[in-house]
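Student: I have a model open and would like to learn how to read it. Can we go feature by feature?

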Amino acid sequence: IFIDNLQEAPEGSLVIFSAHGVSPAVREEARQRNVKVIDATCPLVTKVHLEVHKYVRDGYSIVLIGHKEHDEVEGTTGEAPDKIQVVGTVQEVANLELPDPKKVVCLTQTTLSVDETREIAAAIKQRFPDLVSPTKDDICYATQNRQDAVKELISAGIDLLLVVGSRNSSNSIRLCEVARAQGVVSHLIDNASEIQEGWLQNVEKVGLTAGASAPDYLVEEVVDYLKSRGATMEELEVIKEDVSFALPRELLSAAPV
């Protein structure tokens with residue numbers, strides 16, 4: 001059962017915090033309501049949360065590049081709400097008012113478009129020349145790899161891109177935007193049943209990709225759909241992903257030895 005806030009969870013129930021992460025206030029509420037928690041926050045999101053605390057301790061104002069209503073941004077902002085300002089466009093950068101222009105750090109929502117983030121970060125740097133950025137890029141490696149793969153698909157001459165992913169998935173939406181920015185028609189679909197026959201008319205090459213958390217079986221359903229209409233398939237591997245994360249500690253402690 002998906003819930004938007006902890007008030008919907010009965011006391012004593014089991015709650016999983018999603019990969020987007022939650023704010024300290026939500027964690028405290030979980031303790032008070034006596035719910036059991038499995039914290040499935042992505043380690044890359046946790047990294048950004050830790051950076052927030054580090055830079056707040058050092059007296060910095062934080063500019064967070066992201067979408068204000070996104071779950072991840074709400075969770076990150078909740079780590080230090082009085083020290084973080086969120087910007088989602090270059091235009092919003094011009095409206096920033098910070099107490100000390102020489103002590104500013106820029107962090108990012110992990111699932112943004114690489115190109116979009118770069119442009120906004122450059123605008124922040126122009127306004128605040130002493131801007132500090134983390135030593136490692138905060139863009140999720142899985143997000144970045146898929147965006148790079150979409151660009152490779154476009155270079156291969158596709159006429160249409162299908163992206164398997166949820167409509168509230170930021171990284172899936174970005175994949176469509178990357179294609180459209182290159183003049184390629186793209187559609188975000190939950191599954192094969194949403195493909196419209198009209199999309200395939202006069203199309204010779206279809207590119208297929210998926211959001212970072214889309215299950216494989218949904219992608220295979222689209223492959224089968226295209227094959228049933230005479231398509232031949234060729235897999236494009238841009239980079240081999242070999243990063244793995246440990247299970248949440250709550251699951252590790254509950255697993256049989």
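Tutor: Start with the naming of elements. Helices (H or I, at least four residues) and strands (E, at least two) are DSSP runs, numbered from the N terminus. This is a predicted model: local features need pLDDT of at least 70, side-chain atom pairs count only at pLDDT 80 or more, and totals for chains, interfaces and linings use all residues. Residues are numbered from 1 along each chain as its sequence is written, and side-chain values use heavy atoms, with hydrogens and water left out.

Student: How many helices and strands are there in the protein chain?

Tutor: The protein chain has nine helices and eight strands. Its C-alpha atoms fill a box of roughly 60 × 50 × 30 Å, taken along the principal axes.

Student: What do buried and exposed mean?

Tutor: Buried means under 20% relative accessible area, exposed means over 50%, and partly exposed is in between (1.4 Å probe, protein chains only). Of the 257 residues of the protein chain, 42% count as buried.

Student: Which residues have a positive phi without being glycine?

Tutor: N34 is one case, with a positive phi of about 60°. N34 lies in the loop between α1 and β2. It counts as exposed, at 55% relative accessibility. N202 also has a positive phi of about 60° and is not a glycine. The loop between β7 and β8 holds N202. N202 is exposed too, because its relative accessible area is 78%.

Student: Where does I16 lie?

Tutor: I16 is in strand β1 (residues 14–17). This residue is exposed, with a relative accessible area of 56%. Now set sequence against space. I16 and T41 are 25 residues apart in sequence, and their C-alpha atoms are 9.1 Å apart.

Student: What is a nonpolar core?

Tutor: A nonpolar core is a set of buried Ala, Val, Leu, Ile, Met, Phe, Trp, Tyr and Cys residues joined through side-chain atoms within 4.5 Å. The largest one here has 16 residues. Among these, V63, I65, V87, V93 and I124 touch the most other members. The elements giving two or more residues to this core are β3, β5 (104–108) and α5 (114–127). Helix α5 gives the most, with four residues.

Student: What counts as a salt bridge?

Tutor: A salt bridge is a side-chain nitrogen of Lys or Arg within 4 Å of a carboxyl oxygen of Asp or Glu. By this rule there are eleven salt bridges. Take D39 and R27: their closest N and O atoms are 2.8 Å apart. D39 lies in strand β2 (residues 36–39) and R27 in helix α1 (residues 24–32), so the pair ties together parts that are twelve residues apart in sequence.

Student: Is D39 buried or exposed?

Tutor: D39 counts as buried, at 19% relative accessibility.

Student: What pairs with E194?

Tutor: The side chains of E194 and R167 meet in a salt bridge (3.0 Å, N to O). This pair links distant parts of the chain, 27 residues apart. E194 is in the loop between β7 (185–189) and β8 (206–210), while R167 is in the loop between β6 (160–164) and α7 (170–181). Salt bridges that share partners join R167, D190 and E194 into one network. E194 is partly exposed, with a relative accessible area of 26%.

Student: How are surface patches built?

Tutor: Patches are made of residues with over 30% relative accessible area and no salt bridge. Like charges are joined within 9 Å, and nonpolar side chains (Val, Leu, Ile, Met, Phe, Trp, Tyr) within 5 Å. Lys and Arg count as positive and Asp and Glu as negative; His and the chain ends are not counted. The place of a charge is NZ of Lys, CZ of Arg, CG of Asp or CD of Glu. Accessible areas come from the Shrake-Rupley method with a 1.4 Å probe; for residues, only the protein chains shown count as cover.

Student: Which residues gather in the patch of negative charge?

Tutor: D4, E8, E69, D71 and E74 gather there, on the surface. E69 lies in the loop between β3 (61–65) and α3 (71–77). At 66% relative accessibility, E69 counts as exposed.

Student: Which residues make the nonpolar surface patch?

Tutor: L236, V238 and I239 make that patch, of about 240 Å². L236 sits in the loop between α8 (216–228) and α9 (249–254). L236 is partly exposed, with a relative accessible area of 44%.
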